[in-house]
Each structure stands twice: as structure tokens, then as C-alpha cells.
Amino acid sequence: MKMKLSCFGSTKDIDDIAKAGYDCAELQIREIVELSDDEYKMALKRVKDSGITCEVFDNPVPLNISITSPEFDLNYWTEYLKKGAERTAKMGARYYVFGNGRSRSLPAEGDVKGAYEKLITFINILCDVTAEYNITVLLEPLSTSLSNFINSIPEAVKFIEEFGRYNLKTMCDMRYLLPMNRDVEDIANYEKYIKHIHVDNPLSNFPQRFIPTLNDGYDYAPFINVLKKICYKEIISIEANTFNDFKEDIKKGIEFFKHFGIEAYRS
């Protein structure tokens, strides 16, 4: 079965990701925004020359920024979002993963209502800015250890339906199904809302994330089988950040999928 396979990386990794056999590279918005104009032109050329796409970008604002804090300047960050959307769209962006666990978390005390209203305002602005470039925002369910806002796929879907924005959907990071005691069938039950998948070895100690392998102690079969059952057609991306040798390790991801009868479209 063919599926669109992707790997996390930075712009300098695009050629290696392509050579390993992936269809796509998943990049961070912050990196793209902070590139100089000349660096951005080089990155854009690297994508076009690589033969792969960059359709998914992560974290609309830097991870250390709190959207719900009084200091968060909506005007400043709106301009930041506009720059990011314009640049990533030229690179092929279709989806923005709104992970940002700390950024979107609500305060435990004080003006919680005001913080929530500010977060809602930000999400509306994010949807407005990205819609101009036909980019859909994916609200990522995270474990409670990372965020107190949206911790499961059903919770994300409920929020999306009530929010009513056409370019707001959700995704599934397999790692966070475990601590939230969610079943992989959530993917099938809410498949029309799920537009992206992240996978790594969920048994590793966060924040370390390793390439999934067949001998890492985790049974990936139920997860893979539900993707096959729904004929999953979006991108499945390996989100790893810890390597012995990046070039060699990411090749193991391709072999991992092959074991389950899944091949990249470029294979």
C-alpha cells in the first residue's frame, strides 16, 4: 500500500530526507521565518531541487512563547504569522500543526477567562492568516503533561465543530494516545477530521524521540492496521529528534514502514 511518508528535519536536511526515500520533509515555521531573505531563497531552491515536498509545517509561534500571557502582543505575532504563511506557502505548505503545548496552555489561576479569550482570538487570527494561502490549521491533541488545552481527538473534534472554521482540523500523534488512555480506533472514528499523523517510538522518555523500529519493544501493528483500514491518504510523518547518525537512522524509518506493507509514493 502506498502512503505519503515524511520525516522531521530542518532545511539543511531536505536532501538527506529525499535520498532516504521519503515523499516529504516536515519543517518548523520558526526556522523559515527567521531565515534571511538570501537564506530563504536558498531553502526554497533546495526544496524545488530535492524532488520532495514540504506540505506540513509545525508550531505557528516559537515554543517558548505563551499566547495566553498578558505580555503576548497580538499585533506583533499577527505580522509574524503573515510572514510565516507567505514563506511556507511558497514552499508548498498545506497544513500547520498547532502543537505549541506550553504556548497554548491556560494559567492555573488569575484571569483564566481572559487568557482563554485571548487564545481563541489567536486561533481565529491564525485561521484567517493561513486561509489566505489555503493552509489548514491542525489542532494537535497533546498529553496533559504538555498542555491543559485539548488532550484527545474527541476533545479536538468537539472544539473544531463548535469553533466553526473550515480550515481548522486535527491530527494524531501516536505518542499521546498512550498517556491519555485513548484507543487507536479514535483515528477511524474521527477520520474525516484527521489530516496528519506523527509517529515515533512512544516508549522513549520525552523529550527524546526515536525512529520507530521493529525491535524497540512497542507493538505498532494496531496503529498501522487502522491507517490501512481507513485507506489513510494524508501524510504520516516520523517525528524523531534523537539520532546516532541522522542519514542512516532515517533510512530505518522507510524499512519500518515496508515491514507493514507500506511504501512511499516515490519508491
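These legends describe an overall view and several close-ups of one predicted model.

The model is predicted: local features need pLDDT of at least 70, side-chain atom pairs count only at pLDDT 80 or more, and totals for chains, interfaces and linings use all residues. Residues are numbered from 1 along each chain as its sequence is written, and side-chain values use heavy atoms, with hydrogens and water left out.

**View 1**
Helices (H or I, at least four residues) and strands (E, at least two) are DSSP runs, numbered from the N terminus. Along its principal axes, the C-alpha trace spans about 50 × 45 × 30 Å.

Buried residues make up 55% of the 267 residues. Buried means under 20% relative accessible area, exposed over 50%, and partly exposed in between (1.4 Å probe, protein chains only). Among contacts with a separation of 6 or more, 78% come from residues 24 or more positions apart. A contact means heavy atoms within 4.5 Å.

The accessible surface comes to about 12300 Å², and 49% of this belongs to carbon and sulfur atoms. Accessible areas come from the Shrake-Rupley method with a 1.4 Å probe; for residues, only the protein chains shown count as cover.

**View 1. Strand 7 pairs with strand 6 and with strand 8.**
Strand 7 covers residues 194-199. It is mostly covered, with 5 of its 6 residues buried. Strand 6 (residues 168-173) pairs with strand 7 in the parallel sense over 3 bridges. Two strands pair if DSSP finds at least two bridges between them. Strand 7 and strand 8 (residues 235-238) also pair in the parallel sense, over 4 bridges.

Look at His198 in strand 7. Asp173 stands opposite His198. In strand 8, the bridge partner of His198 is Ser237.

**View 2. Strand 8 is covered on both faces.**
In a regular strand the side chains alternate between the two faces of the sheet. In strand 8, Ile235 and Ser237 lie on one side. Ile236 and Ile238 lie on the other, and all four are buried. Ile235 in strand 8 is the bridge partner of Lys4. His196 also stands opposite Ile235.

**View 3. A cis peptide bond joins Phe206 and Pro207.**
Omega of this bond is about 15°. Most residues other than glycine have a negative phi, and most peptide bonds are trans. Pro207 is found in the loop between strand 7 and helix 9 (221-229).

**View 4. Asn100 and Asn134 each have a positive phi.**
Phi of Asn100 is near 45°. Asn100 is found in the loop between strand 4 (95-98) and helix 5 (101-104). At 2% relative accessibility, Asn100 counts as buried.

Phi of Asn134 is near 60°. Asn134 lies in the loop between helix 6 (112-131) and strand 5 (136-139). At 66% relative accessibility, Asn134 counts as exposed.

**View 5. Ile135 is buried in a loop.**
The loop runs between helix 6 and strand 5. Relative accessibility of Ile135 is 0%, so Ile135 counts as buried. Not counting residues up to four places away in sequence, Ile135 touches several residues, including Ala85, Thr88, Tyr95, Thr130 and Asn167. Val56 is 79 residues from Ile135 along the chain, and their C-alpha atoms are separated by 9.3 Å.

**View 6. Arg87 is a buried residue of helix 4.**
Helix 4 covers residues 74-90. At 7% relative accessibility, Arg87 counts as buried. Arg87 touches Ile32, Val33, Leu35, Ser36, Asp37 and Tyr40, not counting residues up to four places away in sequence. Arg87 and Ser105 are 18 residues apart in sequence. In space they are 27 Å apart, C-alpha to C-alpha.
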